[in-house]
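This report looks at helix packing, charged pairs and the surface. The chain is shown first, and the text then follows it feature by feature.

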Amino acid sequence: MQEIQRAIDRTPDAVADKVDWNRAWGKKYPILLAYREQVDAAPYAQGLAQLLDGLKGDYGYSELDAMLVLKDILARVWQERKKG
């Protein structure tokens, strides 16, 4: 965990923004490379955009903070389902 934290701390945002994370993680999780050909993502994207806007409006979060909070909520839901 400490090694991962050091890598995060050493990586400037400008570099991280250029990384194709789907491609990088797609080697471990091939669905990240395949789903765009299979899934009509528009309705899901619209729903997520509404959730982001809700977090921004309800709590005054920035776009980035709202995305990070929503991502954390999704991760918590996933952890609960795995226990399941």
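A residue is called buried under 20% relative accessible area, exposed over 50% and partly exposed in between, with a 1.4 Å probe and protein chains only. At 26% relative accessibility, Lys-56 therefore counts as partly exposed. The model is a predicted one, in which local features need pLDDT of at least 70 and side-chain atom pairs count only at pLDDT 80 or more, while totals for chains, interfaces and linings use all residues. Residues are numbered from 1 along each chain as its sequence is written, and side-chain values use heavy atoms, with hydrogens and water left out.

The structure holds 3 salt bridges, a salt bridge being a side-chain nitrogen of Lys or Arg within 4 Å of a carboxyl oxygen of Asp or Glu.

| Salt bridge | Closest N to O |
|---|---|
| Lys-56 and Glu-63 | 2.5 Å |
| Asp-72 and Arg-76 | 2.7 Å |

Asp-72 is partly exposed, with a relative accessible area of 37%, whereas Arg-76 counts as exposed at 57%.

Lys-56 and Glu-63 also belong to the contact (heavy atoms within 4.5 Å) between H5 and H6, where Leu-48 and Leu-51 of H5 and Ala-66 and Met-67 of H6 are among the other residues involved.

Definitions and conventions
Helix = DSSP H or I, 4+ residues; strand = E, 2+ residues; numbered from the N terminus.
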